[in-house]
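Subject: The structure I promised you

Hi,

I'll go through what turned up, one piece at a time.

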Amino acid sequence: MSTLLVLEQTLNGIQFGVFLFLISAGLTLVLGIMNVVNLAHGALFMMGAYFASTFVAWTGSFFIAFLLIIPSSVILGIIIEMLTLRPLYLRDHMDQVLATFGLILFFNEGVKLVWGVDPQPMPTPELFAGNVEIFPDAPYPVFRLFIIGVGLLVAAVIYFLIAKTKVGMLIRAGASNTQMIRAMGVNIRFLNTFVFGLGAFFAGLAGLMAAPIISVESGMGDEMLILAFVVIVIGGIGSVRGALVASVIIGVFEVVGRSMLPIAMQKIFPLEIAQTAGPAIASMLIYILMAGVLFFKPQGLFPARTG
């Protein structure tokens, strides 16, 4: 197992973690502030990827697609919030789970009706199509570095919004005590709509970033939704800082574990067993990590009151 391989896979893990942050940041805000369990967040990620592939096919430009993703994702999120979630704010979490699970089925089947069952192609933008040598004799895709840059920029923007603006003050207050900001006369309905639209945008942006490197198809958001929930459980519900830290940790665990563990097991077990058991055990690592964090810190690494 070469040092170069470990460094390259670690960088892949960081890239995957930053990409995962784009999804989980919106989900942790929605759950932490609105107290809504939104299982349809993965479907919003999927819709962002479908929108992106369509916009690129229409315009031929990745950057125009980005500009179009902003209003389309936000509008879709607002429509879902107004029609589906708003009547459920005072209902039990199980009602929210059932309703948003229904949205998953609706969108998964809806994209098949509109775009068909075949995966939608989306080429890597020409500006980011090449490779760059970060390590000697190890070219790394520029687009993956671009994803890291976008994710860190989004983290900085969210930090400024949360920590330095009046809206951010209300969001932090809402994550700690919703009844308090309601008593202060804040329009909680508008705040909920704003937060959900913001979360939908982050999910759509993640879909745009994912479309050139993974298959754009029905159900692509289901697995990402599970990982996003693991992120917010480890990081702390309502904590954006926790979402960023937990996303990078999970990204490195996921990628490095899947690539390195089978190789390491070959030194102990026969090749066939190592190739079979290695990926299976690697897929369990993040859940073992989650159980360990919950055992020592049940509220996550960064509870919302410190986020």
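Let's start with Phe62: is this residue buried or exposed? It is buried, because its relative accessible area is 8% and the cut-off for buried is under 20%. Before going on, please keep in mind that this is a predicted model.

You'll find Phe62 in helix 3. Leaving out neighbours within four places in sequence, Phe62 is in contact with Val56, Met122, Pro125, Phe143, Phe146, Leu208 and Met209. Phe62 also shows how the chain folds back on itself: Phe62 and Glu126 are 64 residues apart in sequence, but their C-alpha atoms are 8.9 Å apart in space.

Leu44 itself is found in helix 2. With a relative accessible area of 5%, Leu44 is buried. Not counting residues up to four places away in sequence, it touches Asn38, Leu76, Ile80, Phe196, Ala200, Ala203 and Gly204.

That list leads us to the loop between helix 1 and helix 2, where Asn38 lies. Asn38 counts as buried because its relative accessibility is 1%. What does its side chain reach? The backbone nitrogen of Ala40, at 3.1 Å. Beyond residues up to four places away in sequence, Asn38 touches Leu27, Val30, Leu44, Thr100, Phe196, Leu225 and Phe229.

Val36 has its place in the loop between helix 1 and helix 2 too. At 1% relative accessibility, Val36 counts as buried. Val36 and His93 are 57 residues apart in sequence, yet 7.0 Å apart in space from C-alpha to C-alpha. Its contacts, again leaving out residues up to four places away, are Val30, Leu31, Leu85, Tyr89 and Gln96.

Helix 4 covers residues 93–115, which is 23 residues, and it reaches 32 Å from its first C-alpha to its last, close to the 33 Å expected at 1.5 Å a residue. At the start of helix 4, a side-chain oxygen of Asp92 comes to within 2.8 Å of the backbone nitrogen of Met94. Just after the helix, Gly116 takes a positive phi of about 90 degrees.

Helix 8 (residues 188–210) has 23 residues, and its end C-alpha atoms are 33 Å apart, which agrees with the 33 Å it should span at 1.5 Å a residue. Of those 23 residues, 20 are buried, so helix 8 is largely enclosed by the rest of the structure.

Now for how helices pack together. Two packed helices are described by the angle between their axes and the distance between the axes. Helix 1 (residues 3–34) and helix 10 (residues 240–265) pack at an angle of about 140 degrees, with their axes 6 Å apart. Their crossing is right-handed. That contact has 17 nonpolar, 10 polar and one charged residues.

Ser247, in helix 10, is worth a click. Its relative accessible area is 0%, so it is buried. The side chains of Ser247 and Ser24 are joined by a polar contact of 3.2 Å. The Ser247 side chain also reaches the backbone oxygen of Ala243 at 2.5 Å.

Helix 1 and helix 5 (residues 142–164) have axes that come within 9 Å and cross at roughly 35 degrees, and this crossing is left-handed. Here the residues divide into 16 nonpolar, three polar and one charged. On the helix 1 side they include Leu11, Val18 and Leu29, and on the helix 5 side they include Arg144, Gly151 and Ile162.

Notes:
Residues are numbered from 1 along each chain as its sequence is written. This is a predicted model: local features need pLDDT of at least 70, side-chain atom pairs count only at pLDDT 80 or more; totals for chains, interfaces and linings use all residues. Side-chain values use heavy atoms; hydrogens and water are left out. Axes are lines fitted to C-alpha atoms, for helices over the stretch in contact, and angles run from 0 to 180 degrees between N-to-C directions. Helices (H or I, at least four residues) and strands (E, at least two) are DSSP runs, numbered from the N terminus. A crossing is left-handed if the near helix is turned anticlockwise from the far one by less than a right angle, and right-handed if clockwise. Ala, Val, Leu, Ile, Met, Phe, Trp, Tyr, Cys and Pro count as nonpolar, Asp, Glu, Lys and Arg as charged, and the others, Gly among them, as polar. The expected span of a helix is 1.5 Å times one less than its number of residues. A polar contact is a pair of N or O atoms within 3.5 Å; within protein, one must be able to donate a hydrogen and the other to accept it, and residues adjacent in sequence count only if both atoms are side-chain atoms. Buried means under 20% relative accessible area, exposed over 50%, partly exposed in between (1.4 Å probe, protein chains only). Contact means heavy atoms within 4.5 Å.
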